[in-house]
Amino acid sequence: MNLKKFLQKIGVFTLLVYAFLYISFCVFVFFTQKNLLFFPSRELFDPPNNLSVENVFFQTEDNVRLHGWYLNKNAEKTVLFFHGNGGNISYNIEQIKIFDHLELNALVFDYREYGKSGGVIQKEEDLYFDARAALNYLLEEKSVDISNIIFWGHSLGGAIALDTAQNKKAHAVIVESTFFSADEMARRNFRFLPVSLISRFHFRSDLKIQNIPTKILFVHSTDDDVVPFQQGEKLYERANTPKHFLEVSGSHHVIAPKSQELYLSTVRDFLEME
């Protein structure tokens, strides 16, 4: 065998090795991507004594028992809050304090696999089952009219809030630090992967946003280090009117102190807007 043919064979062999490794990695991501999206914690911290919250439990349509906290302010309006992909409801104490400050009732609940909620997340639809169960709890157990419900979500929770709020005449929708779609975020973060082929969690808020029939407020930080500011802008452009966009500063999880007063006043005015 001459040198040229030998090098050609080596080149083909190397290419096949790289192809095998690439395909193997894609298969690995396909089956383990849940661990790249969800970071649940079972460790649940007690809420502060000055917050009047009660432990509540309810069942999903596929028979999973979920846990949440219900903040009772004896208010007309009630928030259904969808937290992000990490921790559990006890990581959202500051958010509950905001509801308390705004004199709003609120149901803050854990998806399956988070906190005291049972079950395991296996597919995207599982999160929607959980969301519908939480909504039904408010409608049936707390006798809250849909017109008095505020769907409110942060980050991944914004995508779940938008899915749940579709075609419902709620009082309002608020989404904070929310992405255009999970597919677009994946393409941004993993440019070398065939996202459309291997993704199992799509969260297509870019399509669902057009099915929101009520007023909607977008809150996004220009400093967001997880979900780029432009993602929120693109989602806002797709939304129906009436809509409002609030630009704040701070990290993905914490609004900067200089923006907090503007944030609270904007939310209050938005919720009072007809």
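A residue counts as buried when its relative accessible area is under 20%, as exposed when that area is over 50%, and as partly exposed in between (1.4 Å probe, protein chains only). The model is predicted, so that local features need pLDDT of at least 70 and side-chain atom pairs count only at pLDDT 80 or more, while totals for chains, interfaces and linings use all residues. Residues are numbered from 1 along each chain as its sequence is written, and side-chain values use heavy atoms, with hydrogens and water left out.

**Exercise 1. Determine whether Asn-105 is buried or exposed, and identify the partners of its side chain.**

Step 1. Asn-105 belongs to strand E6, residues 105-109. Strands (E, at least two residues) and helices (H or I, at least four) are DSSP runs, numbered from the N terminus.

Step 2. Because its relative accessible area is 4%, Asn-105 is buried.

Step 3. The side chain of Asn-105 reaches the backbone nitrogen of Lys-73 at 2.8 Å. It also makes a polar contact of 3.3 Å with the side chain of Thr-78. A polar contact is a pair of N or O atoms within 3.5 Å; within protein, one must be able to donate a hydrogen and the other to accept it, and residues adjacent in sequence count only if both atoms are side-chain atoms.

Step 4. With neighbours within four places in sequence left aside, the residues in contact with Asn-105 include Tyr-70, Leu-71, Asn-74 and Val-79. Contact here means heavy atoms within 4.5 Å.

**Exercise 2. Locate Lys-208 and name the side chain with which it makes a polar contact.**

Step 1. Lys-208 is placed in helix H8, residues 205-208.

Step 2. A relative accessible area of 14% is the reason why Lys-208 counts as buried.

Step 3. The polar contact of the Lys-208 side chain, at 2.9 Å, is with the side chain of Asp-163.

Step 4. Beyond its neighbours within four places in sequence, Lys-208 is in contact with Glu-124, Tyr-128, Asp-163 and Gln-166.

**Exercise 3. Describe the surroundings of Ser-147.**

Step 1. Ser-147 lies in the loop between helix H4 (124-141) and strand E7 (149-154).

Step 2. Its relative accessibility is 35%, and therefore Ser-147 counts as partly exposed.

Step 3. The side chains of Ser-147 and Asp-145 are joined by a polar contact of 2.6 Å.

Step 4. Apart from neighbours within four places in sequence, Ser-147 is in contact with Lys-77, Lys-169, Ala-170 and His-171.

**Exercise 4. Characterise the largest pocket by volume and lining.**

Step 1. A pocket is defined on a 1 Å grid over the protein atoms alone, as an open set of points with protein on both sides within 12 Å along at least five of seven lines; lining residues have an atom within 4 Å of a point.

Step 2. The volume of the largest pocket is about 750 Å³. A volume is the space filled by probe spheres set on the points, with grid points joined across faces, edges and corners.

Step 3. The lining has 29 residues, and those nearest the centre of the pocket are Glu-94, Gln-95, His-253, Val-254 and Ile-255. Two or more lining residues come from each of strand E5 (86-87), H3, strand E9 (216-221) and helix H10 (257-272).

Step 4. Helix H3 gives the largest share, 6 residues. The buried residues of H3 (residues 93-101) are Ile-93, Gln-95, Ile-96, Ile-98, Phe-99 and Asp-100.

**Exercise 5. Identify the backbone features at Asn-74, Ser-155 and Pro-242.**

Step 1. Most residues other than glycine have a negative phi, and most peptide bonds are trans.

Step 2. Asn-74, which is not a glycine, has a positive phi of about 55°. Asn-74 lies in the loop between strand E3 (65-71) and strand E4 (78-82), and it is exposed because its relative accessible area is 71%.

Step 3. Ser-155 also has a positive phi, near 55°. Ser-155 lies in the loop between E7 and helix H5 (156-165), and with a relative accessible area of 8% it is buried.

Step 4. The peptide bond from Thr-241 to Pro-242 is cis, with omega near 0°. Pro-242 lies in the loop between H9 and strand E10 (243-248).

Key:
On a 1 Å grid over the protein atoms alone, a cavity is a set of points where a 1.4 Å probe fits but cannot get out, and a pocket is an open set with protein on both sides within 12 Å along at least five of seven lines; lining residues have an atom within 4 Å of a point.
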